[in-house]
Amino acid sequence: ITNSWIVALGVLLFFTTNQLHISYSTIARMYITGFMFSVSLVYFWWKWINTSQKRDFIFMVLFAILGTYNHHFNLLFAILVWVSGWFYINIKQRKQYIIALGTVFIMYIPSIYITLHQLVDMQGLIWMISPNPNFILSFIRYVFHFKAVFIIIMLAGIILGLLSKNRLRAIIILG
């Protein structure tokens, strides 16, 4: 077993026993599906830019639509991809690009009311409490189970990873 595998298994052990991940894995949220739709959108967007294949174009539009129906953060991400993508596409692709953007917008029209209602009329609901000045320190302590030994182990791993010749190991630890 190589050192990279040991580091990977250590990171896996950390995430599978971390109370933050255990607690929030039981709550059904749309962030993981949103991540999948966003990554798929970018993947097919990049393929379409480089190949101009119709199949990639259709999947790009499909994942943009699915993402926007999933969560309004995905809508914002899709808009960022579309705006930044305008500078990467060639002139021949611009007409299709505008058609794709229009298709996503038309498909999103039924959800505009819901998004505006969630963003404007919260009816006194508080999604999150404002962080206090000690938030970062409290969060780090929470992630490491309020145990100094776990923080020391992680810092030792980061230092050893940075001192090693294999920089990939340090990136894996930091990830």
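**Entry 1: aromatic pairs.** I counted the aromatic pairs and found that the structure holds 12. Rings of Phe, Tyr and Trp (its six-membered ring) pair if their centres lie within 6.5 Å; planes under 30 degrees apart are stacked, over 60 edge-to-face, and the rest tilted. The model is predicted, so I noted that local features need pLDDT of at least 70 and side-chain atom pairs pLDDT 80 or more, while totals for chains, interfaces and linings use all residues. Residues are numbered from 1 along each chain as its sequence is written, and side-chain values use heavy atoms, without hydrogens and water.

**Entry 2: Tyr43 and Phe44.** I looked up this pair and recorded ring centres 5.0 Å apart and planes at 80 degrees, so the pair is edge-to-face. For exposure I used relative accessible area: buried is under 20%, exposed over 50%, and partly exposed in between (1.4 Å probe, protein chains only). Phe44 is buried at 11%, whereas Tyr43 is partly exposed at 46%.

**Entry 3: Trp86 and Tyr97.** I then turned to another pair. The ring centres of Trp86 and Tyr97 are 6.1 Å apart and the planes stand at 45 degrees, so this pair is tilted. Trp86 lies in the loop between H5 and helix H6 (94–108) and Tyr97 in H6, so the pair ties together parts 11 residues apart in sequence. Helices (H or I, at least four residues) are DSSP runs, numbered from the N terminus. Trp86 is partly exposed at 30%, and Tyr97 is buried at 2%.

**Entry 4: helix H6.** Which residues of H6 are buried? I listed Tyr97, Ala100, Val104 and Tyr108. They cover an arc of only 70 degrees around the axis, which puts them on the same side of H6; the arc is taken from the directions from the helix axis to the C-beta atoms. The face turned away from this buried side carries the exposed residues Lys95, Ile98 and Ile106.

**Entry 5: nonpolar patch.** I finally looked at a nonpolar surface patch of about 1100 Å², whose members include Tyr31, Trp46, Trp86 and Ile98. Helix H3 (31–51) and helix H5 (72–85) each supply at least two of its residues. H5 gives the most, with four. Ile79 lies in H5 and is partly exposed at 41%.

Note on methods: Patches are made of residues with over 30% relative accessible area and no salt bridge: like charges are joined within 9 Å, nonpolar side chains (Val, Leu, Ile, Met, Phe, Trp, Tyr) within 5 Å. Accessible areas come from the Shrake-Rupley method with a 1.4 Å probe; for residues, only the protein chains shown count as cover. A salt bridge is a side-chain nitrogen of Lys or Arg within 4 Å of a carboxyl oxygen of Asp or Glu.
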